[in-house]
Amino acid sequence: MNANDFGALVQACQGIRFIPEILEKRVRMTFIRTLQNIISNKTCEDLWKKMFLLPTVLLVYNSQDAKSIKINMEKRLTVLESGAAWTFTLKDFVQTRRRLAVDDTDVDAQLGLQAERRGRQVSGAMRVGNLSKAYATLVSDSGTAPLDQVSKVLHEKNPAPSPEVQATITPELWDRINSVKLSGDERVKFSTESLLKSIKKKKKGVSHGFDKLTWEILQQLVGREPDQSSDQVEFTQLLAKVLSLIANGDMPDEVAPALRDNHIMGVGVKVRPVLLCNTLRKLVTGLLLDSTREKVAIMFDGIQYSSMKNGVEHVIHSLRAHMDTSDDDLFLADAVNAFNISNRTMGLGHLVDHFPSLVPMMRQMYGSNATLWLRGLDQVIEQISMQTGWQQGDVAGTFLYCVTTLPFHKGMQNLVSTHDGKVFAFVDDTKVKAPFRRMCETIRYMDTEGLKYGYQRHRAKGTYLLGRCRSLADAKFRKEFLVEEFGMDPTRIQIHPDNVKESGDEDEYKLACRLYGAESLGGLIGSKAFVEDGLTKKLVELNHDADKLIAHPNVQERMLLMQYCFNLKPNHLLRTTAPYYAKKFVKQLEKCQQRIVAASIETNTISNTVWAQMKLPIPEGGLGMRSWDSVSPAAYLASVIEVQQSIRRAYPELDDALNHESDDSLPWFIRDIRQAIEQVHSKDATVTSANVLTFTGAGQDSLQSILTSKLESGAFDTLVESVQQDKARVAMLTAVKDQHAGAWLRAVPKHFTHMMMTNREYSTALRNRFYLNQPFAPAGKRCTCAGNPAIDEKGFHLLTCRHGGGNQKRHDALKGHLFRMLNHAGISCTTEETNEWSRVGGDNRNLRPDISIAASQLYPRRTLLDITITHPLAGRNVTAQHSVQSQTMAIVQKKGWAADKAFNTKMSKYSDLSSRNGLSFIPQVFESTGYIRSEVLDLVKKVCQHASETRKIPAEVLFQYHIKSLSVVLQRSNAETQLNRADTVFGSALLPGVRNLMRYDAIMAHSVVHADVGWGH
Ligand SMILES: [Zn+2]
């Protein structure tokens, strides 16, 4: 098979992401032999082709059933190992398309099917821990363009090089590019360390190219450091060598298409081109790029901001500073199809000058036309030839584009720098600040010189903001000139509102204010009215995401995606928007969040105090919903501090201005910064405008989170203050303000099914944490247990009732996890052992400890564990008249008071007896709220340290895993207990004749109604 045809594999099935353990070694050995063959004969095309096809041969199966994969993989391995290889035809790997189960013309059914498929994709990405992919899938708009449309657009996006570009491609240029040959020390040599590091940090669940090789498979093949087996070490070393050969251009040109060609897709209604690069190419390119970073930072400094940390923010804050302090014009240019028509041959020439070590590989990838393979319906594949430009799916695509256009951007900078102008490039986004005449020259340069680089200015797009002119007439003249001379769209040229004001027309002036501004790199710069309008539009997007989240049927996944993705989304905006402009926005943002949370706890309204608690960070007892009015100034200030060098370049008086006596005469952006500083200062007097610019992040904490917590400080105390009269509420707040109590909220189920919670369990657990009425515990009902106590609406009696066996189940669930944890760490232990306490002190056969741990490295003496679960409202059994009401406030506000009491009781009962029997005794006390006493933490820590040595996993990782597991196990069994007990107590009385499951769902859906009716006292 010719390497030019490998792309046809786009039609084949997806590669599997896991090799059955029993065959793993054989697969690895097959890869090892293939790699060895190449190293011993690197000029043999066939050997290379075999390597590139090996993942298809071993990892692609028509049936996804685990058992049949195993059987077939074994067959194929046997054939390969016997030497009688390569007798497969492509047909064996081609997808047999599943027929759609619904009528093509039934739109509703189609949409239903699509939604269902998407739901599965979201859950799938969650399962492998790729939350950002899950979120992107969830919020993306459904729908695809018809295939012929896709094909048409993709062809248009990949045109032949323009005559201007062609004119620059001379034989001399090619001679220069082809003359690069790496020898001796210049040769690239990847170390196994950097290779391992690179493979290890790759995300799971990423789509592969037509090579069918995934990061998961590579991760499995290289194994885990520092515990690699000898064959894993060998595989890694050989792979590093072969990748180095590719980097040095030693791969025969004939097989280069295996890496150069790509799988292309047109995504969504707008046909966004997505290129799926092959995995080995990504790997080599990534490793090569690592070596360029230092040089890039110097080369790009002050002009191309794409490789800079916080580069986008550098640009946005600088533009704002320029706008506020100068009457120059700003032009934010937009390029047409930038990557795809860029002059790649010229770029290769620049590589020769600055990054020769990249030339051999890039020459093979871009020296000739790549074929992009588009998969159609029923075996139809279309090929698109990419004749110019850089591939957007290439890891190096952005870097190559920036290197290509750097001289172009520098040329612009030279034109304007003598007139106090400035050019900002962010990949293909170009922004210029200059006085009018200079700007015109620059645009002329863009339109002529740019074409040689493959840069085409988009005439209908881009934004031109005229600076303040001498007169309105002057401004109008300039606008007209821009339209006529450069073909700009007049609606995209804005006259400065101060000039419009001259006309005396108030409406005109207002309109000019609203229009004066630009959205640049996701940030908004311009007048207050413009920015506020822009923020409103962003809010529409966020509400759209919120709708999608609410529609996602799995509550646990929904809340995790909210926490890890949705809540971070406004961050960029808030870092680049002055808090003064964002006031309305943050209020509405909160409403948007409330909608999502309310849907998840199935309520219509969330009271102010409950929401105040939810805004707290999880270790503070909240839900991490953030106080946006604190985040906003903290984010903005942190961003300003982190990009201060650029702001100072634009406005050298920055430091003096911040310390100026009064705001008068200062530019607006400085006043905004001063206001943000003032807000932090009012909470922490050590932060002043004189020292704030020297602040940095510390360790794990970013500067923004440090500033945010300064602004949020005291929120918990204020909340407790506001509910002072309700002792139970105070006790519950105190209990959940704990580092580990909310661990279950951060547990991503991944493939650990024991971390999954059903919707009912999750909502119930949320309501427990926030002290909300449970829909299954209507007011005025009495329990069937001794004394028929009244049942509280929070459902806490149902949780702790002595009847129904719920307490035993909760207890056993925790015991089960601790036992498994000990076992997993290889520590010998038993449960419910008799006779432990019978050696001394009489016959205690009936007293059985929960877990007995044999004397070991962990504990020098045989150690007995006893597991207890308490409740902060009552110790053990909660009745409607919570016993906490009779406690003093000092006790109520002492975290774990009930747990302490239980600990002491257990100790006095068993400690003496144990030591007389030569045993240690350690009570393991949990609170239903999730608070765990230190003895449990100590045990888990000890076991994890022990396990980390044998299992070669960092102790901290294991610790977090077990704490989360225990937390989920507890919360889930809490919910189960409450729901089961409610079922038994109210059972047929509530909704006679309806089966359990139905009933709960019905109650939850109508919780408000039930609460109002007031069930028959
Ligand atoms: Zn009861």
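This is a predicted model: local features need pLDDT of at least 70, side-chain atom pairs count only at pLDDT 80 or more; totals for chains, interfaces and linings use all residues.
Is Cys783 buried or exposed? Cys783 is buried, with a relative accessible area of 1%.

## The zinc site

Cys783 belongs to a metal site. The zinc ion has these protein donors: Cys783 through SG, Cys785 through SG, His797 through NE2 and Cys801 through SG. These donors lie 2.0 to 2.3 Å from the zinc ion. The site is tetrahedral, and the angles among its 4 donor atoms are 104 to 118°. For comparison, ideal angles at a metal are 109.5 degrees for four tetrahedral donors.

If you trace the donors along the chain, you will find the spacing C-x1-C-x11-H-x3-C. Cys783 sits in the loop between α36 (759-769) and α37 (796-800), while Cys801 sits in the loop between α37 and α38 (806-824), so this pair ties together parts that are 18 residues apart in sequence. Cys801 is buried too, with a relative accessible area of 2%; a residue counts as buried when that value is under 20%.

With several cysteines in view, a reader may wonder about disulfides. A disulfide is a covalent bond between the sulfur atoms of two cysteines. A search of the whole structure finds 0 disulfides.

Now turn to the strands. Strands of a sheet pair through backbone hydrogen bonds, either parallel or antiparallel.

To look at one pairing in detail, start with β1, which covers residues 262-267. Strands β1 and β2 run antiparallel and are joined by 5 bridges. Within this pairing, Ile264 stands opposite Leu275 in β2.

## A sheet of five strands

Another open sheet has 5 strands, in the order β6-β7-β3-β8-β9, again with mixed pairing. Its edge strands are β6 (422-426) and β9 (493-494), each of which pairs on one side only. Strands β6 and β7 pair in the antiparallel sense over 5 bridges, and Phe424 stands opposite Lys431 in β7.

Strand β3, residues 329-333, is mostly covered, with 5 of its 5 residues buried. Both of its faces are covered: Asp329, Phe331 and Ala333 are buried on one side, and Leu330 and Leu332 are buried on the other.

What are the partners of β3? With β7 (residues 429-434), β3 pairs in the antiparallel sense over 5 bridges, and the bridge partner of Ala333 in β7 is Thr430. With β8, β3 also pairs in the antiparallel sense, over 3 bridges. The bridge partner of Leu332 in β8 is Thr463.

## Aromatic pairs

How many aromatic pairs does a search of the whole structure find? The search finds 17 aromatic pairs. One of them is formed by Phe408 and Tyr455, a tilted pair with 5.0 Å centre to centre and 45° between the planes. This pair links distant parts of the chain: Phe408 is in helix α19 (residues 397-417), and Tyr455 is in the loop between α20 (436-453) and β8 (463-465), 47 residues apart. Phe408 counts as buried at 0% relative accessibility, and Tyr455 is buried with a relative accessible area of 2%. Phe408 and Tyr455 also belong to one aromatic cluster with Tyr445 and Tyr453.

Another pair brings together Tyr651 and Phe669, which are edge-to-face, with 5.5 Å centre to centre and 80° between the planes. Here too, distant parts of the chain are linked. Tyr651 is in the loop between α30 (644-650) and α31 (654-658), and Phe669 is in helix α32 (residues 668-683), 18 residues apart. Tyr651 is buried, with a relative accessible area of 11%, and Phe669 is buried as well, at 2%.

Definitions and conventions: Residues are numbered from 1 along each chain as its sequence is written. Side-chain values use heavy atoms; hydrogens and water are left out. Two strands pair if DSSP finds at least two bridges between them. Helices (H or I, at least four residues) and strands (E, at least two) are DSSP runs, numbered from the N terminus. Donors are N, O and S atoms within 2.8 Å of the metal (3.2 Å for Na, K and Ca); water is not among the atoms, so sites may look incomplete. Four donors count as tetrahedral if all angles lie between 85 and 135 degrees; four count as square planar and six as octahedral if opposite donors are over 155 degrees apart and all others between 65 and 115; anything else is irregular. Buried means under 20% relative accessible area, exposed over 50%, partly exposed in between (1.4 Å probe, protein chains only). A disulfide is a pair of cysteine sulfur atoms within 2.5 Å. Rings of Phe, Tyr and Trp (its six-membered ring) pair if their centres lie within 6.5 Å; planes under 30 degrees apart count as stacked, over 60 as edge-to-face and the rest as tilted.
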